[in-house]
Amino acid sequence: MNGVITILRRSPRASLGLGILVTLVLLALLAPAFTAHSPTSQAYGTWLKPGGAHLLGTTALGQDIWAQLLYGARLTLLIGFAVGLVATAIATAMGLAAAYFGGKTDEAINVLLNVFLVLPGLPLLIIASAFLRGGGVWSIILVISLTGWAWGARVLRSQALALRNRDFVQAAVASGEGAGRIIFAEMLPNLAGLIAANFFGTALYAVLSEAGLAFLGMGDVSQVTWGTMLYWAQAKGSLLQGAWWWVAAPGLCIALLGTAFALINFGIDEVTNPRVMHANKATRVLRRKHANAAPLASPGSAQSLLAIRNLDAGYVTPGGNVRAVRDVSLDVAPGEFLGLAGESGCGKSTLAFAATRLLDAPGVVFGGEARLAGKDLLGLSPEELRRVRWKDYSLVFQASMNILNPVLKVREQVYDAMQAHGIQDQAKLEARARELFQLVGIREDYLSAYPHQLSGGMKQRVVIAIALALEPKLVVMDEPTTALDVVVQRQILQEIDAVRRRLGISIVFITHDLSLLVEMSDRIAIMYAGEVVEEASASAIYTHPKHPYTRKLMSAFPPLEGPRERRAGIPGRPPALSQSIQGCPFFERCPSRMPGVCNEKPLQKFDEATGHSVACFLYDPTVDPQRKEQHEALASD
Ligand SMILES: Nc1ncnc2c1ncn2[C@@H]1O[C@H](COP(=O)(O)OP(=O)(O)OP(=O)(O)O)[C@@H](O)[C@H]1O
């Protein structure tokens, strides 16, 4: 129900379509309230013009056209809805079975699908209806369902196959969940939008097919539907008699019903697909804002390679906007290693992707700025962006090794990025590829290998080599080594650091592992619930963490040296990012919270020392120092 309300709220097209559909259904159900005539009675005069007792005139057989239209809507709608249900049920069952069971089941379903898809639709409908003639409206429903399920099944199968390979389904399989639960609880809900769209698409096909069959005289012409009305109008030569309204009335109604189904279908697509409409809208608004924006004039920007200002980003979901990055401002200096840390889900990746224009729908940048060497990244056209990526900045993320194409040799893939940016000379390409391999610690002969011949660590090094190929000014690394074992992880990190120092590039490094960051970074920014809550040099974060959250994070990791101690987690959960947050987002979990201050005042950053800022009211000079001391003491108890 909530899903339907969201679709209607978000999509004016869906609301219009549903409005038309509901009106037609009401007219059909309440037909006796709108006409006193019977649709089948032939007691009225023939060929009467619209007006008087007969709103739309009468037929050649003396039937009231308005009454036929109202009562005919019942069967037409029944056929649409019934075929929609039957064909969608078949398509869903086939698609899910093919994807879940795979192997022979998938092959068999695929063959069946292909047979139905290559058979021409109309002749198949005609032959099937000839066989089932005399079976009334249910045989029409059966015939149209049998010919109309295959397209939906093909689309659902491919979507279900993609889902089947997603981590959460694989995890459910690995944990021993039964087939029924995986199909109905894990996969089906993710296909809900597609199934609903398929229902309305098939209903539209059914209404049009019924009209086509009836018009050809292949349906049950003794029943009143909009299709059989067209058949009789044509058979009795209504246009030759000048009675165009007999054809126009059912024709327009069919077109109206078709429009309603199509509008609802569009609406579902807009909201449940990749939410393209919203993403595009937000991007357009942002572009306009950026076209008029003045360059940044905030402190630090002269020193900054990457300057992020008041960045707001997140995801448009059917349940509302998720604000995963909230008003974040951050600078990365040339040659600097900036670590970004925080619990899972606090917005680190969203920040990195949004600032580098890599956030895909349903992700959206709601506002703010990101400038790289003064260039407004959020305002660049796709062509300008293409020129800047890889050359000015590149990105390496956790699953990056999967970007390697399994059927191309590593050499070609290393060449690709360089060729796309104008380096065509084979000798130069080869020399640079070898140099890059040396840089990231892989033997040069692996350039001739295929990705499957490399280990995970080597593949990740190849990706890092590709990211460095054009010597970008900035490399953003989002947990690039998390999937690797700790020894390989450490080696790669040391090599990345050596490359950074040698080439003078800046690195933004994202990880949960704060102890690793302390070791590697120049500066660390701690994120919590979409906000940067503390920012300081790595040594200050290690020796004097200020924010209670940073302190808790630090105490959750083993120390770099000294005796082993029992580590404590942070009780509670971060707030939902789909809701607005009043005051400090850490309030509920904070051992030093000051009720009436932290949960009420708008969150601010306070400078504790040069280059050390904390978003915490314990450092607010306007709060009574005694109160702060009491609460700090509480935390240390
Ligand atoms: N496609 C999406 N649709 C809706 N919400 C999303 C989507 N992707 C991420 N989110 C939400 O955005 C928030 C921030 O996610 P993000 O991946 O940026 O966090 P993170 O700190 O990088 O987490 P992790 O360390 O686990 O990668 C989370 O609450 C997450 O649930």
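1. Pairing and numbering. Two strands are taken as paired if DSSP finds at least two bridges between them. Helices (H or I, at least four residues) and strands (E, at least two) are DSSP runs, numbered from the N terminus. The model is predicted: local features need pLDDT of at least 70 and side-chain atom pairs count only at pLDDT 80 or more, while totals for chains, interfaces and linings use all residues. Residue numbers start from 1 along each chain as its sequence is written.

2. Eight strands form an open sheet with mixed pairing, in the order 6-7-8-3-9-10-12-11. Strand 6 (393–397) and strand 11 (606–609) are the edges; each has a single partner strand, so one side of each is left without a neighbour in the sheet. From one strand to the next, the twist averages 20°. Angles run from 0 to 180 degrees between N-to-C directions, with axes as lines fitted to C-alpha atoms, for helices over the stretch in contact.

3. Strand 6 pairs with strand 7 (residues 474–478) in the parallel sense, over five bridges. S394 has V475 of strand 7 as its bridge partner. Helix 19 (residues 456–468) packs on the sheet and touches both strand 6 and strand 7; its direction makes about 170° with that of strand 6. Contact between two residues requires their C-beta atoms, placed from the backbone, to lie within 7 Å.

4. Strand 11 and strand 12 (residues 612–614) run antiparallel and are joined by three bridges. D607 stands opposite S613. The hairpin has two residues between the strands, and G611 takes a positive phi near 75°.

5. Helix 18. This helix (residues 426–439) has 14 residues and reaches 20 Å from its first C-alpha to its last, close to the 20 Å expected at 1.5 Å a residue; the expected span is 1.5 Å times one less than the number of residues. A433, L436 and F437 are buried. They cover an arc of only 100° around the axis, which puts them on the same side of helix 18. The arc is that of the directions from the helix axis to the C-beta atoms. A residue is buried if 20 or more other C-beta atoms lie within 10 Å of its own, exposed if 12 or fewer, and partly exposed in between. A427, K428, A431 and Q438 are exposed, on the face turned away from the buried side. The cover over the buried residues includes helix 17 (410–420) and helix 19. Just after helix 18, G441 has a positive phi of about 80°.

6. A buried glycine. G80 lies in helix 4 (residues 65–101). It counts as buried, with 29 C-beta neighbours inside 10 Å. Leaving aside neighbours within four places in sequence, G80 is in contact with A203, A206 and V207. The C-alpha atoms of G80 and G201 are separated by 9.8 Å, at 121 residues apart along the chain.

7. Backbone points to check. D327, in strand 2, has a positive phi near 50° and is not a glycine. E471 also has a positive phi, about 50°, and is not a glycine. E471 sits in the loop between helix 19 and strand 7.
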